[in-house]
Amino acid sequence: MPKRVDHEARRTEIAEALWRIAGTRGLDGVSLREVAAEADISLGRLQHYFRTKDEMLLFALRHINSLAERRIRERLGAPAAGPDRGEDQDPGPEQGPGPSPRVVLRACLTGMLPLDEKSRVGALVGAAYFARAVHDERLCEEAREGIPRLAEFFAALLRGAQERGELAAGQTLDPYTEAMLLISLVDGLTTYTLLGVQTGEEALARLDAHLERLFADAG
């Protein structure tokens with residue numbers, strides 16, 4: 001009988017070859033042929049799974065996000081799924097026992113930073129994807145759909161923190177606006193970490209400093 005091929009596993013192997021290239025020399029100008037060589041398959045076989053570099057980048061980005069989401073869930077002990085972009089977990093802020101909104105928010109935001117080799121490569125793939133998406137309407141849809149969902153999730157956590165009196169005294173904020181500011185903060189910290197302007201430890205300390213002001217004396 002002919003051998004059955006696990007197509008999802010093969011697509012993942014190709015994505016991992018792309019990550020290895022990203023981790024050693026970046027993705028600028030990398031061709032499908034180079035990725036095929038890294039994955040030890042023919043160009044024709046690679047194009048059976050991904051017709052274009054954009055398709056491959058998008059799959060790689062989604063898979064990296066899925067792995068990051070899994071790590072965050074394990075860290076928080078949360079088995080259920082949350083919203084997209086991989087930096088989340090499922091308990092809503094109004095649930096009973098479980099991580100506080102601040103703990104969940106920090107875990108999600110920390111998971112978005114390039115603090116180790118895996119997250120660094122993920123950030124590089126994300127940067128390559130977003131650089132191409134700026135000029136590609138179809139690729140832009142991923143960010144236009146995913147980022148607002150992530151912001152809504154963060155906003156729900158912040159609303160829960162407000163209701164529980166966990167924000168710093170005198171804090172009056174619009175949860176969705178603050179959620180978008182947090183995403184923007186982490187994106188900026190990620191960029192400057194990748195460029196070597198700061199270390200991962202410094203980026204994390206700056207994130208914590210912001211959260212401390214937001215949740216001062218809230219435990």
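I took helices (H or I, at least four residues) and strands (E, at least two) as DSSP runs, numbered from the N terminus. On that basis I counted 9 helices and 0 strands in the protein chain, and reading along the sequence I noted the pattern α-α-α-α-α-α-α-α-α.

I kept in mind that this is a predicted model, in which local features need pLDDT of at least 70 and side-chain atom pairs count only at pLDDT 80 or more, while totals for chains, interfaces and linings use all residues. Residues are numbered from 1 along each chain as its sequence is written, and side-chain values use heavy atoms, with hydrogens and water left out.

I looked up burial next, with buried meaning under 20% relative accessible area (1.4 Å probe, protein chains only), and found that 44% of the 219 residues in the protein chain are buried. Taking contact as heavy atoms within 4.5 Å, I found that, of the contacts between residues at least 6 apart in sequence, 64% join residues at least 24 apart.

I then turned to one helix pair. The axes (lines fitted to C-alpha atoms over the stretch in contact, with angles from 0 to 180 degrees between N-to-C directions) of α8 (residues 175–194) and α9 (residues 200–214) come within 9 Å and cross at roughly 160°. I therefore recorded α8 as roughly antiparallel to α9, a term for angles over 145 degrees.

On the α8 side I listed E178, L182, L185, V186, L189 and T193, which meet G200, A203, R206, L207, H210, L211 and L214 in α9. I noted that the residues of this contact divide into 8 nonpolar, 3 polar and 2 charged, with Ala, Val, Leu, Ile, Met, Phe, Trp, Tyr, Cys and Pro counted as nonpolar, Asp, Glu, Lys and Arg as charged, and the others, Gly among them, as polar.

Conventions
Buried means under 20% relative accessible area, exposed over 50%, partly exposed in between (1.4 Å probe, protein chains only). Angles under 35 degrees count as roughly parallel, over 145 as roughly antiparallel, 65 to 115 as roughly perpendicular and the rest as oblique.
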